[in-house]
Amino acid sequence: MKTVTIKDLGQYEGQDVTVKGWVYNTRNIGKIWFLIFRDGTGLLQGVVVKGEATVETFAMEQDLNKEDSVILTGTVRKEPRSVGGYELGIKEIKVVNHVTEEFPISLKEHGADFLMSNRHLWLRSKRQNAIMRVRHQIVKAIRDFFDDNGFTLIDSPIFTSNAVEGTTTLFEVDYYDRSAFLTQSGQLYQEAGATAFGKSYCFGPTFRAEKSKTRRHLTEFWMVEPEMAYVELDENMTWAENLVTSIIQRVLEYCQSELKTLERDISKLEAVVPPFPRITYDEAATILKEKGIDFKYGSDFGAPDETLLSEQFDKPVMIHHWPADIKAFYMKRDEHNDEIALGVDMIASEGYGEIIGGGQREDNIETLINRIRHHDLPMEPLKWYLDLRKYGSVPHSGFGLGLERTVAWICGTKHIRETIPFPRTMTRLEP
Ligand code: 4AD
Ligand code: MG
C-alpha cells in the first residue's frame with residue numbers, strides 16, 4: 001500500500017492508500033463515525049462505516065484518544081464538504097502509540113501563558129501550523145530574493161567582542177578567560193562581506209537583552225541583513241521595498257490556505273506593491289503633531305506613534321533622515337546637515353511597527369573614529385572594522401529585516417511570540 005500525505009491526497013482519488021499521523025478528534029453518529037486526523041501536512045476526515053471497515057476497526061472509536069499515533073488505510077474519495085476536499089473511507093486503523101492522559105490542549109479556549117508553557121504541544125494546532133508554514137515560506141522568499149539578485153551568503157558570527165546597537169542590550173557570556181557578547185546584529189561583518197563580494201547578506205539569530213515586555217520584542221530573534229558596496233540611501237530603500245514586495249508575493253502565491261486559516265484580510269497584503277511612501281523623520285513628526293500627538297522632536301517613535309503613522313498609508317512607509325543622536329555610531333551623516341543621519345526605518349502597515357532598520361554607513365575613517373569615541377565604545381574590538389575604511393572604503397548601505405515582526409504582520413498575529421517556534425523573552429526560557 002502506498003503511503004501518502006494529506007496534502008497530496010487529491011492525486012489518489014479512488015485508490016487505497018496509507019496515511020501516518022495522529023488523532024485530532026472523533027465524532028460518532030451511530031452506524032458511522034468520523035476520525036479527524038492530522039499528519040503535519042493537513043487535516044483529514046476519515047469515515048468509518050460498519051461493514052466497510054474491519055470489525056476491530058469499527059469498534060475502536062471508544063478507545064481512541066486525542067493525539068494517539070495511528071496509521072490509517074482506506075480509500076480516497078472526493079468530498080467537497082470535508083476539510084481539504086477529500087475524505088478517507090477507512091478500512092483499517094493501526095495504533096502505534098496510545099495516549100493515556102488527557103492531551104493538555106483541548107479545543108476550548110486557553111490562556112496565552114498556558115499555551116506558551118505548552119508550546120511544544122501547541123505547535124500541533126491548526127493556527128500555529130499555519131503561522132509556521134508562512135514563516136517557512138517567508139524565509140524561502142528572503143533567501144531566493146538575495147540569491148537571485150547577486151548576493152553572496154556570508155554568515156556573521158554569533159559570539160562577538162563588540163556592540164553594534166548600543167551597549168544597553170548586550171548579553172554577556174563567559175568566553176574562556178574573557179567575556180564575549182551574543183551578537184545584536186551581523187551588520188559590521190556584512191560590511192566586510194560587501195567589500196569582499198560587492199553584495200552580501202547574513203540571515204540568522206540575533207540577541208537583545210531588551211528590558212521590554214512588549215508584544216514586539218524577543219530576546220532572540222532572526223534577522224536578515226544585506227549589505228551593498230557603492231549603494232547610497234535611496235537605492236538602499238529600493239532594495240528594502242523590493243525585498244518586502246517579493247516576500248508578500250511569495251506568501252500570496254503559496255500560502256492561501258494558511259492565510260484563510262488565520263482569517264487574514266488578503267486585500268491588505270495585495271495592496272503592498274511598489275512604490276512605498278518615503279517620508280523624512282521631520283515629515284513624520286509633522287504628521288504626528290497634526291494628529292494632535294504630543295511628540296517630542298528628536299525622540300524615537302513609540303509603538304503608538306508608529307501605529308498612527310502606518311494608518312496614514314495602505315503600504316509600509318519608509319522614514320529616512322533621522323536625528324543622528326538617536327541612531328547608531330556607524331550611520332553616515334547628511335552632507336548638508338551634520339545633525340542628521342542617513343538612516344531608514346520601514347514601518348509595516350496596519351500598525352505592526354518597525355520591520356526594517358538600516359541606512360548608509362559612515363565611510364570616512366576619521367569621522368568614524370570620532371563617532372566611536374563619542375558613543376563611548378571601546379576602540380580595540382572595532383580595529384578590524386576600521387580597516388574596512390582604511391582599505392578600499394566606498395559609499396555603502398544595508399539594512400536588517402526582523403523576521404518575526406514580518407511574520408506577525410503578514411499573518412496578522414498581534415503578538416510576536418507566536419511567530420517563532422520557541423520564543424525567548426525576558427520571562428521565558430522554556431520550553
Ligand atoms: O533597527 P535594528 O536595531 O537595526 C540593526 O540591527 C541594524 N544593525 C541592521 C542593519 O542595518 N544591518 O534592528 C533591525 C530589525 C528591526 O527593524 C526589527 O524588525 C528587528 O530587527 N528587531 C527585533 N525583533 C524582535 N525583537 C527585538 N527585540 C528586536 N529588535 C530589533
Ligand atoms: Mg531600529
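**Ligand surroundings, cores and backbone features of the predicted model**

In the predicted model, a nitrogen atom of ligand 1 is placed 2.7 Å from an N or O atom in the side chain of Gln-187, a polar contact being a pair of N or O atoms within 3.5 Å. This is a predicted model, in which local features need pLDDT of at least 70 and side-chain atom pairs count only at pLDDT 80 or more, whereas totals for chains, interfaces and linings use all residues. Residues are numbered from 1 along each chain as its sequence is written, chains are lettered from A and ligands numbered from 1 in the order in which they are written, and side-chain values use heavy atoms, with hydrogens and water left out.

Two further polar contacts of ligand 1 may be described: a polar side-chain atom of Tyr-330 is 3.3 Å from a nitrogen atom of the ligand, and a backbone N or O atom of Ile-356 is 3.4 Å from one of its oxygen atoms. On its own, ligand 1 has 630 Å² of accessible area, of which the protein covers 94% (Shrake-Rupley method, 1.4 Å probe). The ligand is surrounded by 23 residues, the closest being Glu-165, Gln-187, Arg-208, Glu-225 and Glu-354, where a residue is counted if one of its heavy atoms lies within 4 Å of the molecule.

Glu-225 is also among the residues in contact with Thr-206, as are Thr-183, Gln-184 and Phe-221, neighbours within four places in sequence being left aside; contact here means heavy atoms within 4.5 Å. Thr-206 belongs to strand E11 (residues 199–207), strands being DSSP runs of at least two residues and helices (H or I) runs of at least four, numbered from the N terminus. Thr-206 counts as buried because its relative accessibility is 3%, the limits being under 20% for buried, over 50% for exposed and in between for partly exposed (1.4 Å probe, protein chains only). Ala-194, in helix H5 (residues 187–197), is likewise buried, with a relative accessible area of 2%. Although Ala-194 and Ser-397 are 203 residues apart along the chain, their C-alpha atoms are separated by 9.2 Å.

The largest nonpolar core comprises 47 residues, and those with the most contacts inside it are Ile-138, Ile-142, Val-244, Trp-409 and Ile-410; such a core is a set of buried Ala, Val, Leu, Ile, Met, Phe, Trp, Tyr and Cys residues joined through side-chain atoms within 4.5 Å. Helix H6 (residues 233–254) supplies the largest share of this core, ten residues. A second, separate core of 23 residues includes Val-4, Leu-9, Val-19 and Leu-44. In soluble globular proteins, nonpolar side chains tend to be buried together.

Zero disulfides are found in a search of the whole structure, a disulfide being a pair of cysteine sulfur atoms within 2.5 Å. For Cys-255, the nearest cysteine sulfur is that of Cys-411, 8.0 Å away. Cys-255 is buried at a relative accessible area of 2%, and Cys-411 is buried at 1%.

The bond from Pro-274 to Pro-275 is cis, with omega near 0°, and Pro-275 lies in the loop between helix H8 (266–270) and strand E13 (278–280). The bond from Glu-430 to Pro-431 is also cis, with omega near -5°. Asp-376, in the loop between helix H11 (365–374) and helix H12 (383–390), has a positive phi of about 60° although it is not a glycine, and at 67% relative accessibility Asp-376 counts as exposed.

Methods
A polar contact is a pair of N or O atoms within 3.5 Å; within protein, one must be able to donate a hydrogen and the other to accept it, and residues adjacent in sequence count only if both atoms are side-chain atoms.
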